[in-house]
Amino acid sequence: MADLSLGGLATGMDTDSIINQLVQLEQRPIYNYQQEISELEQTKGAWRDINTRLDNLENKLTDLKLSSTYNSRTASSSNEDVVTATAANSANEANYDITVNQVATAQRLIGARKPGFSAAEDDVITLNGTDVNISTGDSLSDISAKINDADSGYSASVIDDVLVIEAEKTGVENALLDGSDGSTPTISDNNGILKDLGILDNTTGYFTDEKAANDAKVEINGIAGITSSSNEITSAVDGMTFNINPEAAAGSTATISVAKDTGKATKAVQAFVNQYNSVMDFIDNKSGYDAETEEGGILQGDGTVMRLQMSLRDLVTSKVKDTGDYQTLSSVGIEIDRDGVMSLDSAKLTEALEDNPEEATNLFQAESDTKGYDGMAVRMDSYLDQVLQSNTGLIPRRLDFYDTRIEGLNDDIADVQRRVDMTRERYVQQFAAMEKAISEMQSQQSWMMSQLQSMGGSTVTSMM
């Protein structure tokens, strides 16, 4: 036990220092294990980073496998102050001449000016089937807030002591009815508060001041009678959505042009190129040798990472198919230089997509069950699935190996440390025993000296 040590009081030796030096020799295996763990952690970290980069690469491949990446359409307007449009992938490449005869508007009901208004009694306003409970003493602001909280499809505001009720959606179908056209009213009250507010006429019960709702009315390529309750027209042309500017003047015109959008495909391919280079550059750094520092990467000489890199390079450089104008990625502008860096000639890719879109697209996304061969994106995605698959993939299994090895080394360190602690305890007890024995000897010597002195100082002196 440590408290048995007398710290060299008897011998004058620094026993604690001596014990530490002796124990340090016993701890050498721990330092070796810790060094090995540090190297394993670095190697594991490098593989984890490769896993992340490959996962990102697989995400880029997903876009290259989608038909929508290559079939995208773009819609442009000759006058965006009149109308804009969006085109689905199914939209035809065409021009659409739009004439706006009327924009869609929302109904607005305007009451009378009522400064200091206060509800005289409880009442219930019904807006298209939704009840709004009004309490005695409610002000204009209170009534407006209650209408807004009712989630009826109609909002309210107070402007210069005037209550205004407005439909939240445009179009005739979303307007409230007062029965003036023979229809069943969809706005009512129990005790006449709408008349008190000036929304309804005291005599007729009809609206006193209404900004009527309108449907949008347009002509497309000379075809009239196209209407919509909103300024978004979706059913007139398959795959097209036309957005009428609410401020467009009656009779204003614009032309919508729909064309193939090769930019989406180019952007997707460029994203793949960038991520491929990120993967390969990282692998080069971790597995290469720096002549200036004379140091190798943590994965230098790792056969697995070398095979991985070679497989990736082969997937993008090998021939995809044996016939046709586009057989390799280089035929559509994707090249790899002597240093292994991939680049994209976007003009060449665009030309291929425009001249022969099906064949150029199949170079990436073809599948053997329909085309007789797999496109590059399909092949690489399948390979990366094998590499990245949880539990069974090459990299997850490798990471598990490092975790197991590190866990084993930590167990070894714990075992060595237990032996070191036992050795230290033995040394402490041994040195403590030595100090005690020497201390007892010194005590006996002192007693003998005192006895001899008591027998006569001269005799003792002559004996010494």
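The legends below describe views of a predicted model.

**View 1. Overall dimensions of the predicted protein.** The protein has 464 residues and a radius of gyration of 44 Å, whereas a compact globule of that length would have a value near 23 Å. Its C-alpha trace spans about 145 × 80 × 40 Å along the principal axes. The secondary structure comprises 13 helices and 19 strands.

View 2. Of the 464 residues, 38% count as buried. The protein exposes about 25,300 Å², and carbon and sulfur atoms supply 44% of this area. Among contacts between residues at least 6 apart in sequence, 67% join residues at least 24 apart.

**View 3. The open sheet of four strands in the order β7-β8-β4-β10.** The pairing in this sheet is antiparallel. Strands β7 (154-159) and β10 (210-211) each have a single partner strand and stand at the edges, so one side of each is left without a neighbour in the sheet. In general, strands of a sheet pair through backbone hydrogen bonds.

**View 4. The pairing of β7 with β8.** Strand β8 covers residues 162-167 and runs antiparallel to β7, to which six bridges join it.

View 5. Helix α4 consists of residues 140-149 and lies across β7 and β8. The helix runs at about 160 degrees to β7, the edge strand formed by residues 154-159.

Terms used. Residues are numbered from 1 along each chain as its sequence is written. This is a predicted model: local features need pLDDT of at least 70, side-chain atom pairs count only at pLDDT 80 or more; totals for chains, interfaces and linings use all residues. Side-chain values use heavy atoms; hydrogens and water are left out. Two strands pair if DSSP finds at least two bridges between them. Helices (H or I, at least four residues) and strands (E, at least two) are DSSP runs, numbered from the N terminus. Contact means heavy atoms within 4.5 Å. Axes are lines fitted to C-alpha atoms, for helices over the stretch in contact, and angles run from 0 to 180 degrees between N-to-C directions. The radius of gyration is taken over C-alpha atoms; the globule rule is 2.2 Å times the number of residues to the power 0.38. Buried means under 20% relative accessible area, exposed over 50%, partly exposed in between (1.4 Å probe, protein chains only). Accessible areas come from the Shrake-Rupley method with a 1.4 Å probe; for residues, only the protein chains shown count as cover.
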